[in-house]
Amino acid sequence: MSRGFLMRFKHVLFAMVAMITILMVPALSQAEYLTIRMPTSSDGLHEYYYELLAAALEQDGHIAAVEKVADMPHLRQMSMLETGEVDVLWLVQSEARDKQYIPVPVKLTNGMAGQRILLIPPGNKDDYKDVETAGDLRRLGKVGGFGKQWFDVRVWEANFLPYLEVAEWRLLYGMVADTTREVDYFSRAFNEVVKEAENHPELIIEPHLMLVYDRDFIFYVSPKSPRLASLIECALIKARDTGLTGRLLKKHWARNYDIIKPGARTIIKLKTPQ
């Protein structure tokens, strides 16, 4: 093999390596190292949202670390999202929140947020067994308890169902259990209710009904961190399309289907306000 041929081969090889390096630079530059501050919840329900966000961003080529912010009242979490002390928060989507924060319009739980199961005192287990419509529930006169500014309040108003709002929603478990506090049930999302019933043995899962309205949790991004919104949206769309979201939903909430048995329940569809 001649020396001239070897020299030409080296030049060609060098050019190929340089071209590959140039082509790789844009792809590498798209990856970002992200630290995202999100609140925890004492019942552990944050774990799905933490894992989904981190795994989706990593699948999309970013290095993502979720920094835990201590559990705190719901209104305080939303205030911290607005001021930028929290970067991302999962909330039931609403028009008002879309205006206040930056919405990432990708559903997170396949509609579980709008599938509502009631937590009730054990002595009231059969109070709802003859309820088949929203009208039946209305006539029963039972009062639902909700936190301030929850979307559920608007749903209950739109369906003329009695309710009571409280500033600190965590008080509702004890208020419902008390049976003298004018709150008869606490409506919880399909993906929340099993763990909450286990954490609050003074209450049980109502065995007959599932109330359904058209909403889901989405991520909201702080107005102080606008660039995060597009990164998260792209990552979540890819996570949904590749099946990552579905696998994580099954991982975190397969037990809920076994315990709640939605196919055996009376489904009551509620009017969903805009």
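Strand β5 (115-120) pairs with strand β8 (residues 185-189) in the antiparallel sense, over four bridges. Here, helices (H or I, at least four residues) and strands (E, at least two) are DSSP runs, numbered from the N terminus, and two strands pair if DSSP finds at least two bridges between them. Within this pairing, R116 has A189 of β8 as its bridge partner.

Before I continue, a word on the source. This is a predicted model, in which local features need pLDDT of at least 70 and side-chain atom pairs count only at pLDDT 80 or more, while totals for chains, interfaces and linings use all residues. Residues are numbered from 1 along each chain as its sequence is written, and side-chain values use heavy atoms, with hydrogens and water left out.

Is β5 mostly covered or mostly exposed? Five of the six residues of β5 are buried, where buried means under 20% relative accessible area, exposed over 50%, and partly exposed in between (1.4 Å probe, protein chains only).

The loop between β5 and α5 (134-140) contains E132. At 57% relative accessibility, E132 is exposed. Its C-alpha atom is 8.3 Å from that of L209, a residue 77 positions apart along the chain. Leaving aside neighbours within four places in sequence, E132 is in contact (heavy atoms within 4.5 Å) with T266 and I268.

I turn now to an open sheet of three strands, ordered β3-β11-β4 with antiparallel pairing. Strands β3 (88-92) and β4 (102-104) are at the edges and have a single partner strand each, so one side of each is left without a neighbour in the sheet. On average, neighbouring strands of this sheet are turned by 40 degrees against each other, direction ignored; axes are lines fitted to C-alpha atoms, for helices over the stretch in contact, and angles run from 0 to 180 degrees between N-to-C directions. Between β4 and β11 (residues 217-221) there are three bridges, and V104 has F219 as its bridge partner.

A nonpolar core is a set of buried Ala, Val, Leu, Ile, Met, Phe, Trp, Tyr and Cys residues joined through side-chain atoms within 4.5 Å. Which members of the largest core, with its 73 residues, touch the most other members? They are F219 and I232. Beyond four places in sequence, the contacts of F219 include M38, Y49, W90, V104, I232 and L236. A second, separate core of eleven residues has V69, M72, M80 and Y220 among its members.

Finally, the charged pairs. The structure holds 17 salt bridges, each a side-chain nitrogen of Lys or Arg within 4 Å of a carboxyl oxygen of Asp or Glu. One of them joins D60 and K238, whose closest N and O atoms are 2.7 Å apart. Because D60 lies in the loop between α2 (46-59) and β2 (63-69) and K238 in helix α9 (residues 227-242), the pair ties together parts that are 178 residues apart in sequence. D60 is partly exposed at 22%, and K238 is partly exposed at 35%. Another salt bridge links K99 and E95 at 3.9 Å, N to O; both residues lie in helix α4 (residues 95-100), four residues apart, about one turn of the helix.
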